[in-house]
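Look over the sequence and the model before reading on.

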There are 2 protein chains.
Amino acid sequence: MKSFKIALAQFSPFVGDIESNVQKMIEQANQAKKQNVEIIVFPELSTIGYPAEDLLLRPSLAKRTVHAFEQLAAVKDIVMVFGFVNLAEDGHRYNSAAVMKDGQVLGVYNKQNLPNYSVFDEKRYFNEGHQHLVFEYLGHKFGVLICEDVWSLTTVQQLAQLNVESILVLNASPYEVGKPQHRITTLKELAKQLNVHVVYANQVGGQDDLIFDGTSFVINHSGDVAFQAPSFKEDLYIVDYQAEEKAYKVLESAPALDTIAEIYQSLVLATRDYVQRSGFPGVILGLSGGIDSALTLAIAVDAIGADKVQAVMMPYTYTSQISVEDATEQAQRMGVTFGIAEIHPIVNSFMQTLYPFFGNAPADTTEENLQARARGTLLMGLSNKFGNLVLATGNKSELSVGYCTLYGDMVGGFAVLKDVYKTIVFELAKYRNSIAETPVIPERVITRPPSAELRPDQKDQDSLPAYDVLDAILYAYIEEDQSQEDIIAKGFEREVVEKVIRLVDRNEYKRRQGSIGPRISSRAFSRERRYPIVNGWKAGI
Amino acid sequence: MKSFKIALAQFSPFVGDIESNVQKMIEQANQAKKQNVEIIVFPELSTIGYPAEDLLLRPSLAKRTVHAFEQLAAVKDIVMVFGFVNLAEDGHRYNSAAVMKDGQVLGVYNKQNLPNYSVFDEKRYFNEGHQHLVFEYLGHKFGVLICEDVWSLTTVQQLAQLNVESILVLNASPYEVGKPQHRITTLKELAKQLNVHVVYANQVGGQDDLIFDGTSFVINHSGDVAFQAPSFKEDLYIVDYQAEEKAYKVLESAPALDTIAEIYQSLVLATRDYVQRSGFPGVILGLSGGIDSALTLAIAVDAIGADKVQAVMMPYTYTSQISVEDATEQAQRMGVTFGIAEIHPIVNSFMQTLYPFFGNAPADTTEENLQARARGTLLMGLSNKFGNLVLATGNKSELSVGYCTLYGDMVGGFAVLKDVYKTIVFELAKYRNSIAETPVIPERVITRPPSAELRPDQKDQDSLPAYDVLDAILYAYIEEDQSQEDIIAKGFEREVVEKVIRLVDRNEYKRRQGSIGPRISSRAFSRERRYPIVNGWKAGI
């Protein structure tokens, strides 16, 4: 028995790029060695990144994996525990962990519990493993588990019964509000109950709509946290096992984030990774003077820097002067490229072309949508010409009820606030102002009543219930799967609930064509909430 | 032992609308009784329809299912074998079949093989059954299987060994080219080998991107087809079991369709069901004088009738006179509402607004995209004003390589040709002309070289390889999962293959925001080919 050091590689893979991921793994292993680390633990599927989706089905994966092992074999004098796709000779495919030292594979573990719910589709790709892996090193007995395994009491118990002292857990556990603390709370209980240490390494980084927060940690068998890594940050963290204490040394942990700070940082990370990994030189967005675009701008600047962000104000007849002032003001405060493009001539030319077709049909949302689509097309024109990614600025409340224009304000490659309810948008804006010496978002943007400014004196609340009511109904219906009658029984007005639910159900087609955006809730649209567009389900009963 | 009649309910459910599906099931059972039918077999999950996706997770499903059983219990004097969601007391959810007579449930079968590949996600929703169901009725021994079960030799063998004479198979088997005959060919072999009759009832109808072709059938234990129902048609088909021959009577079957006719009919059905079940009064599309919109128009008219179809020609500087002539001509021949809307003023107003931003940047595809987006916005304006659904007209070849404009020609709620390669578009257009006395698509539309007409004298083949080459490369890469090097090894030019694959990989973001469209291939985009947008997989190796 001796003391040793373990490195938690809180690793941000580039999904699909096995070559570059393996290079980074080798660098991190070498870096760890310099600090006398004996074992380095990488996240789940660290070679290919998570989730690689149908790339896992490409035939050349076998060849690529062999090549990855050849490269990793060159690392000496450190035990690497990493994730890979195990393509067995019988044609089975496993989500696996390898334990490798000096080019020798000391053991392979195949994940036993494959999540196939929520955002997960692992049974599409993998077969279940049926065997535990235990290895002894430096007189210490280690077990290996992968992500979902640790949520199966049976699986963890079976492993603990093999007299394992430390369980190394490789994870790609996606972020949602409160999840970082939830993992730790649950595993503290488990570590204590089963008398094992838990060494938990989680992926970090944005991948399409998923955010991986990292927040890797070590829990001693006493149930105490020995170390908790920061969230949303890629780095190597080193912990010390002290043989005489039979426990990991308690190190200074990253302070826990409050909910709003946690969400804000998650959105910054997701935006940065999407933009950079897609290879865009920068982003462009429409800045309306409203709170959604104001917050999106702040997040974009925090993600990639003001010099890479372009904002365009596109006023029309119904745009108030204070919107122009506030947009200009924020752009100046944040130091981004800013321009104003009037859309009157464009909207007029659409109107004139359409009048002969419209005849005497009364004005309705059609004319409002033209404004939004003129703006969307301008942004796309600027994007096409200079290569910047368009960020969509809509929030989850809007998107839920379809209070947004397809091919208009929904234009964009990444919708930063897609999974953020409007009430949280306000909190995030206030939070962002609170952490700066000078608030970056003009106060008036936060305090004035929200308006799409698509007709005279329009307010969001003319068409929608107050946002606190709307968001509460949406949360009950979407996140909690409650029925219409359940929600009415909670005390909301019948008429309001029926309208909201009808709008949610009817706007699936719109959401389906919207861009992706980072998931922060326990029920984000698209990957996690898969509804048929055409369907006759009636919410009422 | 006696003779009996079985009705195959080739049923088109409205997904999610259990109430209306159950009403239709009751009507069909009563209709069958009038023809002295003893047993009626419905498709898989006939009460809720297939695939109901996350509607299956809604808590009120239990209550709705109980209600469905109460209603079905009112049907007397006929055995109904139908599909439903079995919510077991232990919390397990099964994809099940009930055998019911006079309100009594004689047996329940839980599907044993749950497909979770291709377009299927059944392990997201269901647990696997582990028991066979055999029932004797009229001195005949029946077994029950559900769809995927019949593709597991082990499962079918186990059932056959229980001395079953006829296997009733409830299906929701989606269409793809050649699938109707493939099912029959495979099951003929199996019936003969295991010495059982196979009674196969399949769902029919379009559901979002999936098409169910029906093509229900009965195969005798000799391996001979006793009956094959027409494809793409909802109806009740009755077959006779003759006790003395110990076989089903051979009836006149629907003639097999050739491939192009099969595809054409599948697209008509998909379009009709999408439009009607979404509740649109009609459709609108941009008619360009090119073959894609010409074919889409023909399909739309065949699906819902000329009186419900509006076509708009939107010429610009680069639109040739023959395009205007041909579009006008086809609209007249087909008798649809037709209008012409010049887009010059709109494009000019966009250009003028953008010039100050563009500075001296040279013209590129940005300007071309403005034309496409002006058109898209006009179509959406007309759609918003009058309620017609916009049909997108792009084909699979374009969509694969991104030769299309997001928020431009990709605008629409349903993309009829989304899964149809350009070479097949030509075949379908010729086919449609061949079945009419007067060809509906002007000959010149089919024979002229394809052009997007977005710049002077543009031809598709200036930017893309010839369509037969392009489609062959795409098919190898997408449908057959071949690597770049595999495809080059087949004899295609390296430079061309590299370019095509690069374009396919790079345009995932565009496809993700495109509308849904009917799946006819073995590898349609979106539900079936799930690729990360951001990824670093390099096709080369």
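In this predicted model, about 7,400 Å² is buried between chain B and chain A, and carbon and sulfur atoms give 59% of that area. The contact involves 89 residues of chain B and 90 residues of chain A.

**Between chain B and chain A**

- There are 10 salt bridges between the two chains.
- One of them joins B:Asp481 to A:Arg58, with the closest N and O atoms 3.3 Å apart.
- Several elements of chain B each supply at least two residues to the side that touches chain A, among them helix 2 (61-72), helix 6 (259-278), strand 17 (309-313) and helix 9 (344-358).
- Helix 10 of chain B gives the most to this side, with 14 residues.
- By class, this side of chain B has 42 nonpolar, 24 polar and 23 charged residues.

**Between the domains of chain A**

- Domain 1 brings 17 residues to the contact and domain 2 brings 10.
- A:Gly206, A:Ile211 and A:Phe232 supply 43% of the area that domain 1 buries against domain 2, more than any other three residues.
- The count of salt bridges between the two domains is zero.
- Five residue pairs are in polar contact between them, both residues being at pLDDT 80 or more.
- On the side of domain 1 that touches domain 2, strand 10 of chain A gives the most, with three residues.

Notes. Residues are numbered from 1 along each chain as its sequence is written. Chains are lettered from A and ligands numbered from 1 in the order in which they are written. This is a predicted model: local features need pLDDT of at least 70, side-chain atom pairs count only at pLDDT 80 or more; totals for chains, interfaces and linings use all residues. Side-chain values use heavy atoms; hydrogens and water are left out. Contact means heavy atoms within 4.5 Å. Buried area is the accessible area (1.4 Å probe) that two parts lose on being put together, summed over both. A salt bridge is a side-chain nitrogen of Lys or Arg within 4 Å of a carboxyl oxygen of Asp or Glu. Helices (H or I, at least four residues) and strands (E, at least two) are DSSP runs, numbered from the N terminus. Ala, Val, Leu, Ile, Met, Phe, Trp, Tyr, Cys and Pro count as nonpolar, Asp, Glu, Lys and Arg as charged, and the others, Gly among them, as polar. A polar contact is a pair of N or O atoms within 3.5 Å; within protein, one must be able to donate a hydrogen and the other to accept it, and residues adjacent in sequence count only if both atoms are side-chain atoms.
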